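User: Hi! Could you walk me through this protein with some questions and answers?

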Amino acid sequence: MTKAPLHHILYIDDEEDIRTVAQMALEMVGGMSVAVCCCGRDGLDAARANPPQMILLDVMMPDMDGPETLAALRADPALAGIPVAFMTAKIRPEEISELMKLGAAGVIAKPFDPMILADQVRNVWDKF
C-alpha cells in the first residue's frame, strides 16, 4: 500500500521567528500546507480541530514542553497515530535517543536549513 504524499503539517514552537521561517520553507520550498501554534496547549487544540498528517514539535517550550505535548498527543486516541518529529538544538546522540524512546518519529536539528527542511520532514514521513 502506498502512503499518501505529505501535505498537511502542524508546527508547534514558541519562537515566532523560527515558526515563520519554517512555515515559509515548508510552504514555499516544500509545497506543503502548514498550520503553526506557539505552545503545546494550542497545538493540541489545533490538532483536534484539524488533524494534520504530521506534527513538528519544539522540545523546549514554556508551560508545556515538547515531551509533555507528545505525551498528551499519544494519550488522545484521535491523535495518537499522528507521527511527531522533534525539532531541537539538542542533537547529541543520547538526547536524540531519549526523544526517540518517547515515541518520536524523528528528530530534526535546529538551526535548520530552510532549503532542505521539507526534504528532512519528508524523510521522517517516509520512514514512519
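**Charged pairs and overall build**

Analyst: Searching the whole structure turns up 8 salt bridges, a salt bridge being a side-chain nitrogen of Lys or Arg within 4 Å of a carboxyl oxygen of Asp or Glu. This is a predicted model, in which local features need pLDDT of at least 70 and side-chain atom pairs count only at pLDDT 80 or more, while totals for chains, interfaces and linings use all residues. Residues are numbered from 1 along each chain as its sequence is written, and side-chain values use heavy atoms, with hydrogens and water left out.

User: In what order do the elements of the protein run from the N terminus on?

Analyst: The protein has 5 helices and 5 strands. Helices (H or I, at least four residues) and strands (E, at least two) are DSSP runs, numbered from the N terminus. The order of the elements is β-α-β-α-β-α-β-α-β-α.

User: What is the radius of gyration of the protein, and what does the globule rule give?

Analyst: The radius is taken over C-alpha atoms, and the rule is 2.2 Å times the number of residues to the power 0.38. The C-alpha atoms fill a box of roughly 30 × 30 × 30 Å along the principal axes. The protein is as compact as a globular protein of 128 residues, because the rule gives 14 Å and the radius of gyration is close to that, at 13 Å.

User: What percentage of the residues in the protein is buried?

Analyst: Here buried means under 20% relative accessible area, exposed over 50%, and partly exposed in between (1.4 Å probe, protein chains only). Of the 128 residues in the protein, the buried share is 42%.

User: Which side chain of opposite charge is nearest to Arg19?

Analyst: Arg19 sits in helix α1 (residues 16-29). Leaving aside residues up to four places away in sequence, Arg19 touches Tyr11, Asp13, Asp14, Val36, Cys37 and Cys38, where contact means heavy atoms within 4.5 Å. Arg19 is buried yet has no salt bridge; at 4.8 Å, the nearest side chain of opposite charge belongs to Glu16.

User: How many residues apart are Arg41 and Asp63?

Analyst: A salt bridge joins the side chains of Arg41 and Asp63, at 3.2 Å from N to O. This pair links distant parts of the chain, with Arg41 in helix α2 (residues 40-49) and Asp63 in the loop between β3 (54-58) and α3 (66-75). Arg41 counts as partly exposed because its relative accessibility is 46%, whereas Asp63 counts as exposed at 58%.

User: Where do Arg48 and Asp45 both lie?

Analyst: Arg48 and Asp45 form a salt bridge, their closest N and O atoms being 3.8 Å apart. Arg48 is partly exposed, with a relative accessible area of 44%, and Asp45 is also partly exposed, at 47%. They are 3 residues apart, about one turn of the helix, and both lie in helix α2.

Notes. Lys and Arg count as positive and Asp and Glu as negative; His and the chain ends are not counted.
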